[in-house]
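Subject: Structure handover

Hello,

Here is the structure I promised to pass on. Please open it and keep it beside you while you read my notes.

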Amino acid sequence: MIAHEFNIPAERLPALLCAMPKAELHMHIEGSLEPELIFALAQRNGVALPYADVEALRRAYAFTNLQSFLDIYYAGASVLLKEQDFYDMAWAYLERAAADNVVRTEMFFDPQTHTARGVDIQVVIEGLHRACVDAEAKLGVSAALILCFLRHLSEEEAFETLEQALPYATKFIGVGLDSSEVGHPPEKFAKVFARCRELGLHLVAHAGEEGPPAYVWSALDVLKVERVDHGVQSAKDPVLMARLAKDRIPLTVCPLSNLKLCVFPDLKQHNLKTLLDAGLVATVNSDDPAYFGGYMNENFLQTFAATGLTAQHAWQLAANSFEGSFIDDAAKARYIDRLNETFARFAG
Ligand SMILES: [Zn+2]
């Protein structure tokens, strides 16, 4: 894709970031649960929460490390029991995404977080999938699902989850790998990813968020992923950077998540510009937006304000998000046309 030259007055850049069409490629649907919805679902399902009210829960969102985040994350997920709960969670996110001009989203879900609590995988997938179908019809948002294996669990458990999910294989487009990265390298899941590849599923994996560049190498060469989620640690390895650029492997970068989990001490020091200027297919995404301080446009606005990225970078990030998505070439071309129309509207 050839970057076009646009003359965008600097004061119009924030509005342009919000208005431009974009794809979100790294968002965990369980990480979109807002305190209000957690309480509403807890009441509907008669689940007791270890928080007195919405305000107490929101205060607890100021977690201090990964474990305190995971404690709240699992408490939040405990209110999800019925198909309608999964639908409502996805719908709340999809409406929020539409408001940010996200026109395509590929949402992660963690079936093991739910099957471990006795919720059938069918309930999870049917509820999420129905929201995706409605998003296309009612919001004009194209939405798809990617099933993630929890990497702190075993490969045998990943195989069990895959078996449970296969009757619903038309309702998700790929598999990913998430949860605690360090100590759980991609190659731990070599066999299950090979099986998913045979099944024709798309493959992605979290790698190089906190883990070393070696994890990105093994995600590429052992798991044979098509995209790397996060991948920001790749900048430490020039040979890896060259490989990612040459093979046009998208990196789904999540700036506010990186800030909250202290991957970078502050946004000014985020390496998104380095990745883009090296020719990598880097994208901006929200990861767990309810927990990490913002949805898509908030990620764009804060990152651009902190790092001095330009309108040219904005175009590249949006174009990269479409290039990196699992839609066909005709759909990509249509979205790029819409992107160019938006930029022309904002040009001086
Ligand atoms: Zn993630």
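At the start of helix α11, a side-chain oxygen of Asp237 comes to within 3.0 Å of the backbone nitrogen of Val239. Keep in mind that this is a predicted model.

Stay with α11 for a moment. Which of its residues are buried? They are Leu240, Met241 and Leu244. Look down the helix axis and these buried residues fall within an arc of 105°, so they line one face of α11. They pack against α10, β7 and α13 (272-277). Now turn to the other side of α11. There, Pro238, Val239 and Lys246 are exposed. After the helix comes Arg248, with a positive phi near 50°.

Next, see where α11 sits in the chain. The helix covers residues 238-246 and carries the chain from β6 to β7. This β-α-β crossover is right-handed. Strands β6 and β7 (residues 251-253) are parallel and pair over 2 bridges. Find Asp229, and you will see its bridge partner in β7, Thr252.

Go back one step along the chain. Strand β5 (residues 202-207) pairs with β6 (residues 227-230). The pairing is parallel, over 4 bridges. Here Val204 has Arg227 of β6 as its bridge partner.

Now move to strand β3, residues 142-150. How many of its residues are buried? The count is 9 of 9. Both faces of β3 are covered. On one side sit Ser142, Ala144, Ile146, Cys148 and Leu150. On the other sit Ala143, Leu145, Leu147 and Phe149.

Strand β3 also has partners. Strand β2 (residues 102-109) runs parallel to β3, and 6 bridges join them. Met107 stands opposite Leu145 of β3. Strand β4 pairs with β3 too, in the parallel sense, over 5 bridges. In that pairing, Leu150 stands opposite Asp178 of β4. Between β3 and β4 the chain passes through helix α8 (residues 155-165), and this β-α-β crossover is right-handed.

Two loop residues deserve a look. Ser179 is not a glycine, yet its phi is positive, about 80°. Find Ser179 in the loop between β4 (174-178) and α9 (190-198). With a relative accessible area of 25%, Ser179 is partly exposed. Asp287 is not a glycine either, and its phi is positive at about 65°. This one lies in the loop between β8 (282-284) and α14 (289-292). Is Asp287 buried or exposed? Asp287 is buried, because its relative accessible area is 3% and the cut-off for buried is under 20%.

Last, the cysteines. How many disulfides are there? The count is 0. A disulfide needs two cysteine sulfur atoms within 2.5 Å. For Cys18, the nearest cysteine sulfur belongs to Cys254, 18 Å away, so by that cut-off Cys18 is in no disulfide. Cys262 is in no disulfide either; its nearest cysteine sulfur, again that of Cys254, is 15 Å away. As for accessibility, Cys262 is exposed, with a relative accessible area of 62%. Cys18 counts as partly exposed, at 24% relative accessibility.

Best wishes

Methods: Residues numbered from 1 in each chain as written. Predicted model: local features only at pLDDT ≥ 70, side-chain atom pairs only at ≥ 80, totals over all residues. Heavy atoms only, no water. Buried < 20%, exposed > 50% of the residue type's maximum accessible area, 1.4 Å probe, protein only. Pairing = 2+ DSSP bridges. Right-handed = clockwise from strand over helix to strand, strands pointing away. Arc of directions from axis to C-beta. Contact = heavy atoms within 4.5 Å. Polar contact = N/O pair within 3.5 Å; in protein donor to acceptor, adjacent residues only side chain to side chain.
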